[in-house]
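Subject: Structure handover

Hi,

Here is the structure I promised to pass on. Please open it next to this email. My notes follow below.

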Amino acid sequence: MILDGKGVAERRNEKLKEKIDSYIEKGYRKPTFAVVMAGDNPASKSYVQNKLKASALVGIEAKLYKLEESISEQEVLNLVDELNNDDMLDGYIVQLPLPKNVDTDKVLNRMDVKKDVDGFHVINQGLLFQGRNAMHAATPQGIINLLETYRIDVTGLNAVVVGRSNIVGMPISKLLLDMNATVTTTHSRTKNLSAITKQADLLVVAIGKPKFITKDMVKEGAIVIDVGINRVDGKLYGDVDFEEVLKIAKYITPVPKGVGPMTINALLENVFKRYEENIHSK
Ligand SMILES: NC(=O)c1ccc[n+]([C@@H]2O[C@H](COP(=O)([O-])OP(=O)(O)OC[C@H]3O[C@@H](n4cnc5c(N)ncnc54)[C@H](OP(=O)(O)O)[C@@H]3O)[C@@H](O)[C@H]2O)c1
């Protein structure tokens, strides 16, 4: 069965819009969100456009800060300070990757934790790893929302995560562990990867290699979550060989229309969470 990330995200976005509309009707301001993007990375451009478009659809006022590839680190930090101090801004993200001369960790950690709706700040990640109330990174949270929508109980499942990035592999490993799955996190140095993936009841793949996970690496009846987004000759592919793995998986996410829209929805829900806190605290 194909897990319809696009459909689930659309329904969640509609619910979010209703909530926002009801605040506006009561006289509250609109939620506000900003995206900082530096350079002309084509993939980033497309993600950013999708995020801005989705924001507008649910009634979130979104602004893009488009910076040149040649921008200095100090100029990016100055913008971050400005956004941190903007009382009318509920949340913002810095689209990655940043230009090579800009230290990504320095920029992310300069952000106001409360406005870090991507959940990339070291404090948000620390809170997540201590199981405390944190702003969860949008992609892992989107995956959890998708599993919950389909009432897929991960308790006791053997979950294998392929990839250990700070934005996907590590946080999804922790969230699945919190949901009582038994988690194995694998990476590029893992020996005999297919023997491990083949044991997975739930397989989450986030590596950035088109069709890397083939049918022979997947257990019959597994739940397969494909996070990868790879552009090949203008077409999008996941990290999983979808057509083949579909034949044996119990559930599988497609690319596109799987994890991608769920990620954007989770991001907008994070903005809304901050918005609600902000309007009620004033
Ligand atoms: N759908 C969405 O909304 C969304 C959001 C974020 C990312 N993505 C996509 O997800 C993919 C991963 O993104 P990311 O940011 O997590 O990537 P990343 O930072 O490049 O990390 C890739 C991870 O994959 C591991 N890896 C690479 N080759 C491997 C191999 N042959 N076997 C096992 N592990 C391998 C790496 O291992 P090492 O640590 O050993 O190097 C690393 O941990 C990309 O295609 C990206 O575009 C999609």
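The largest nonpolar core has 80 residues. Within this core, Ala-159, Leu-203, Val-204 and Val-224 have the most contacts. Helix α10, residues 259-281, gives the most to the core: 9 residues. Both domains take part, with at least three residues each from domain 1 (26-115) and domain 2 (138-260). Please keep in mind that this is a predicted model.

Leave aside its neighbours within four places in sequence, and Ala-159 is in contact with Val-154, Leu-176, Ala-181, Thr-182, Val-183, Ala-200, Asp-201, Leu-202 and Val-204. Val-204, you will recall, is also among the core residues with the most contacts.

Next, the domains. The protein chain is divided into domain 1 (26-115) and domain 2 (138-260). Their centres, taken over C-alpha atoms, are separated by 28 Å.

Now the ligand. Around the ligand there are 25 residues. Ser-165, His-187, Ser-188, Gly-208 and Thr-263 come nearest. By class, this shell has 13 polar, 9 nonpolar and 3 charged residues. Helix α10 turns up again here: it gives the most to the shell, with 3 residues.

Last, some backbone details. Most peptide bonds are trans, and most residues other than glycine have a negative phi. Where does this model depart from that pattern? Two cis bonds come up:

- Leu-96 to Pro-97 is cis, with omega near 5°. Pro-97 sits in the loop between β3 (91-94) and α4 (104-110).
- Val-255 to Pro-256 is cis, with omega near 0°. Pro-256 sits in the loop between β10 (251-252) and α10.

There are positive phi values too:

- Asn-192 has phi near 55°. Its place is the loop between β5 (182-186) and α8 (193-197).
- Lys-257 has phi near 80°. Like Pro-256, Lys-257 lies in the loop between β10 and α10.

Are Asn-192 and Lys-257 exposed or partly exposed? Asn-192 counts as exposed, because it has 9 C-beta neighbours inside 10 Å and the cut-off for exposed is 12 or fewer. Lys-257 has 17 such neighbours inside 10 Å, so it counts as partly exposed.

Best wishes

Technical notes: Residues numbered from 1 in each chain as written. Predicted model: local features only at pLDDT ≥ 70, side-chain atom pairs only at ≥ 80, totals over all residues. Core = buried A, V, L, I, M, F, W, Y, C linked by C-beta atoms within 7 Å. Buried ≥ 20, exposed ≤ 12 C-beta atoms within 10 Å, placed from the backbone. Helix = DSSP H or I, 4+ residues; strand = E, 2+ residues; numbered from the N terminus. Domains from an automatic or database assignment. Contact = placed C-beta atoms within 7 Å. Near = placed C-beta within 6 Å. Nonpolar A, V, L, I, M, F, W, Y, C, P; charged D, E, K, R; others polar.
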